[in-house]
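Please look over the sequence and the structure before reading on.

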Amino acid sequence: MIITYSINELNNVAKELIEKSEHKTWLFDAPMGAGKTTLIKAIAQQLGVEDVANSPTFSIVNEYKGENNDRIFHFDLYRLKNEEEAYDMGLDEYFDEKNWCFVEWPDQAQNLLPENVHRISIELVDENTRQLKFE
């Protein structure tokens, strides 16, 4: 599925992605500043999260509670030096089919990721528009 959207349409895009979802682990591929974190915040809000903060760039993972106490994990793996760091933090243990997991920069820990995932790529169309591919 391919969606072209502006920031004003984020909530609708987030809702549509959740409705089309077959898996709870989503891998985000996009250049720096393309809106990965902004989209993940909109998705988390659609899942009932009220306290979405900033990207977990420095903490690597943020945990949120959604509707029905669903656990939602937002990972930013940009700062990982290698997969060994990901193993050390127990990254593979987070990927439980009951939990929502949104992963920015997934290539940093490719061997730890589960098989059943959605891949989301975001491209900049212009300053206000993005094109998203949801697989």
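What follows is a short report on a predicted model, arranged by topic.

## The nonpolar cores

The largest nonpolar core has 26 residues, and those that touch the most other members are Leu 17, Trp 26, Leu 39, Ile 43, Phe 102 and Leu 132. At least two residues of this core come from each of β1, α1 (10-20), β2, α2, β5 (100-104), β6 (118-126) and β7. Apart from this core lies another, of 16 residues, which includes Leu 27, Ala 109, Leu 112 and Leu 113.

## Aromatic pairs

The structure holds 10 aromatic pairs. In one of them, the ring centres of Trp 26 and Phe 134 are 5.3 Å apart and the planes stand at 70 degrees, so this pair is edge-to-face. Because Trp 26 lies in strand β2 (residues 25-29) and Phe 134 in strand β7 (residues 129-134), the pair ties together parts that are 108 residues apart in sequence.

Both partners are buried, Trp 26 with a relative accessible area of 0% and Phe 134 with one of 6%. Ring pairs also link Trp 26 and Phe 134 with Phe 28, Trp 100 and Phe 102 into a cluster.

The largest pocket contains about 310 Å³ of space. It is lined by 22 residues, of which Gly 33, Ala 34, Gly 35, Lys 36 and Thr 38 are the closest to its centre. The lining divides into 8 nonpolar, 9 polar and 5 charged residues. β1 (2-6), α2 (36-46) and β7 each supply at least two residues of this lining, and the largest share, 4 residues, comes from α2.

Within α2, the buried residues are Lys 36, Thr 37, Leu 39, Ile 40, Ala 42, Ile 43 and Ala 44. Just after this helix, Gly 48 takes a positive phi of about 100 degrees.

## A residue of strand β7

Thr 129 is placed in strand β7 and is buried, with a relative accessible area of 18%, a value that falls under the 20% limit for that class. When residues up to four places away in sequence are not counted, Thr 129 touches Thr 4, Tyr 5, Glu 123 and Leu 124.

Most residues other than glycine have a negative phi. Which value does phi take at Asn 68? Phi of Asn 68 is near 55 degrees, a positive value in a residue other than glycine. Asn 68 lies in the loop between β3 (61-65) and β4 (71-76), and this residue is exposed, with a relative accessible area of 72%. Asn 68 and Leu 47 are 21 residues apart in sequence, while their C-alpha atoms are 9.6 Å apart in space.

Trp 105, which is placed in the loop between β5 and β6, likewise has a positive phi, near 60 degrees, and is a residue other than glycine. With a relative accessibility of 23%, Trp 105 counts as partly exposed.

Methods
Residues numbered from 1 in each chain as written. Predicted model: local features only at pLDDT ≥ 70, side-chain atom pairs only at ≥ 80, totals over all residues. Heavy atoms only, no water. Phe/Tyr/Trp six-rings, centres within 6.5 Å; stacked < 30°, edge-to-face > 60°. Buried < 20%, exposed > 50% of the residue type's maximum accessible area, 1.4 Å probe, protein only. Contact = heavy atoms within 4.5 Å. 1 Å grid on protein atoms, 1.4 Å probe; cavity = no way out; pocket = protein on both sides within 12 Å on 5 of 7 lines; lining within 4 Å. Points joined across faces, edges and corners; volume = space filled by probe spheres on them. Nonpolar A, V, L, I, M, F, W, Y, C, P; charged D, E, K, R; others polar. Core = buried A, V, L, I, M, F, W, Y, C linked by side-chain atoms within 4.5 Å.
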